[in-house]
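Subject: Handover of a structure and the findings from it

Dear colleague,

Please find below the structure that I am handing over to you. A written account of the findings follows it.

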Amino acid sequence: MEVNPLSIILVKSDSKGDRLLFRYPYNVPQQFQASVILARKTPYSIVNSADDILQNAPPTVSNICFDQLYGISDDVLATLFAVKSELCNQKFELKVNDVRFVSHPTLVKLDGDDQKSSAYFRINVVFALHAQASYSIVKCYYELSKRIGVALLYEEKRAGYLSNEMKMMVASMDEVAAAAQEHDHASSAPCGNVFDTILRDCTLAQFIKTIYQDLSTTGLLNVTLNQSVTLSFCLPQKAHQFHKKGVVIEPETIDRCLHALKPYHGMLLLVDPSELLDCVPPSGARMLLQLIEAYNPLKSLQNMASDADLMIDHVYQLVGHLVYWAKATIIYPLCETNVYVIAPDAQLNIHSNLSEKFSTKFPGMSLFEVISDFSLPTSIGHLTTPLQHPARQGRLAQMVLWMLQHHLLMQLHTYVQFIASYDEEDSVPLENGHHDALMGVIDEKRAINNNGSCCSLPATSSQPLAVPANRKHSLSEDLFPDSLTLATSHTRPSSASHRSNISHSSVGQTASSTDNDESIASIDDDDKIKRLLYAFPECDRKAIQKIPAAANPEDLSLMARLWQAGYFKGEHHLEEIMYFENLRRSQLLQLVDKFRDVLIIYETEDPAIASLYTVPQ
């Protein structure tokens, strides 16, 4: 797999020469060595005498075997990565055949006279990767090499740690080389013994081995250098495969998900809370503990922030950190109206062990039987009845959470799209002296409503929740076409506060706003409807006029406000509109039903969450 490193190489360069101090792994499997010897061609072999030699592609040379670096000697590696001082403290990248090397060479200054060139030496921690590794993978390994260099530089200045470890490695190599010369052995024969000795005696070699093993198994690092510096690192392309095998999630995908976070989103932990402290630095441990104490998959991020006495921005940072480290995922708080369907990349094949895990977690239940209820989009409320025991409803909620943790289910949200169907020849422009036609339509609908021949839902069913008094001012301003462009700022709060959808006016505008409220209160319903219709483009007015609900000022006011705020473009689901506009679900559904001739609804996933659901490549 291209995510795992092939090898980690440690090279030093100083006035005494260039040397490869350690690399891991350093033992090539014996079965590969035998296969290479049998398959190797002689230098006298002919490619193909029947064809033109220029038309045949040159044989590919591979330096990878069993996901390990092979075929490049230590002397060549030392020469390649012993860079000059001009190349230090910046990205170093080199491609050899099917292997890509990436590192961050570090220039280390020893204590002493600054004028002496011998007071400096260069250390380079190189990662060997597959040549086809993506740019994001290469970038992650470069950041890791840079962090290791910074940690080594810090320990060298603090306790001379790097110099002592280098001396031990060089001494071990010299001893083995001297012993080999005495016994007339080839110089390359005892290399394995050299690295075995270094690995046994040097803590820096053990540090490199731990990094390689953790990156190859979990992709998560939490190691300590010289019992002083703790190195924490996450390779998200590898870490997220623990929950979704075979799927590589790039850091850019996670960033897009985190940038789309809203206060109404929720968090679902993927691991036991006791494991979370390993991925958070000590400075953030206290806030993390507060968040864990308030954690509940039935709560939104804003509610958890309020219960934990934390700022919403701090909760965003903590949640983003946990999502990046594959410790949590983003969901919408669990409730009966949530609609779920089987995820497109659900691991439900015959080779998956999720069925056994599910049976162990919920004895007597079958994963395939439970998840079959979500073959079509289904809400939790449809799977429960009021007569069921609360324990059974809680058990269903736990099973849904378990399936969400293993990315077996995906939530669908309801989006609203404004699509007006009208006849071009029947459109009635209002700007060219055709006000009589509009007033005739309004009078006709008012007469129908007064005679009771066309009944509508009570006005209270479509009115928004009670809001502060200054919200009334913004609602009343929606009646005037000149102030409709300001509705968006009044109805869409910033992500910093998320506590109010109201923009307070200045003190100098208080008197004028009061006068406007009193004057608007005296306008009859016909004038309100006429002014509300000005909010829509000319081509859409005719279609809206034909709808009986357009004769109700409250319904038309809510319709115009949401349309002006941009909620009917198919980009905002009902939960988002409910949060930012302080509305109930029943109000929105009634409004959509009343204006169903121009409003269509459809169900799809939330882009902020769906970005983490990818089809295996």
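In this account, buried means under 20% relative accessible area, exposed means over 50%, and partly exposed lies in between, computed with a 1.4 Å probe on protein chains only. By that scale D67, at 33% relative accessibility, counts as partly exposed.

The model is a predicted one, in which local features need pLDDT of at least 70 and side-chain atom pairs count only at pLDDT 80 or more, while totals for chains, interfaces and linings use all residues. Residues are numbered from 1 along each chain as its sequence is written, and side-chain values use heavy atoms, with hydrogens and water left out.

Confidence

The predictor's confidence in each residue is expressed as pLDDT, from 0 to 100. For the protein chain the mean pLDDT is 77, and 73% of its residues reach 70 or more. Over residues 33-40, pLDDT stays under 50, and the model has 3 contacts beyond four places in sequence for them; a contact means heavy atoms within 4.5 Å. Residues 427-522 also have pLDDT under 50 throughout, and for these the model has 131 such contacts.

Backbone features

Helices (H or I, at least four residues) and strands (E, at least two) are DSSP runs, numbered from the N terminus. The peptide bond from Y24 to P25 is cis, with omega near -5 degrees, and P25 lies in the loop between β2 (17-24) and α1. D67, in the loop between β3 and β4 (68-69), has a positive phi of about 55 degrees although it is not a glycine. H407 likewise is not a glycine and has a positive phi of about 55 degrees. The loop between α14 (390-405) and β15 (409-418) holds H407, which is buried, with a relative accessible area of 7%.

Individual residues

N63 is located in the loop between α1 (30-39) and β3 (64-65). Because its relative accessible area is 5%, N63 counts as buried. Its side chain makes a polar contact with the side chain of N97 at 2.7 Å. A polar contact is a pair of N or O atoms within 3.5 Å; within protein, one must be able to donate a hydrogen and the other to accept it, and residues adjacent in sequence count only if both atoms are side-chain atoms. Not counting residues up to four places away in sequence, N63 touches several residues, including Y70, I72, V96 and N97.

S163 belongs to helix α4 (residues 161-182) and is buried, at 14% relative accessibility. Leaving aside neighbours within four places in sequence, S163 is in contact with L110, F121 and E156.

D527 lies in helix α19 (residues 525-533) and is partly exposed, with a relative accessible area of 25%. D527 and P553 are 26 residues apart in sequence and 9.6 Å apart in space, C-alpha to C-alpha.

Nonpolar cores

A nonpolar core is a set of buried Ala, Val, Leu, Ile, Met, Phe, Trp, Tyr and Cys residues joined through side-chain atoms within 4.5 Å. The largest has 68 residues, and those with the most contacts inside it are F22, F101, F127 and I211. Helix α3 (residues 135-159) contributes the largest share of this core, 9 residues. Apart from it lies another core, of 34 residues, among them I547, L574, L591 and F595. Among the residues that F127 touches, not counting those up to four places away in sequence, are F101, Y141, L144 and I211.

With kind regards
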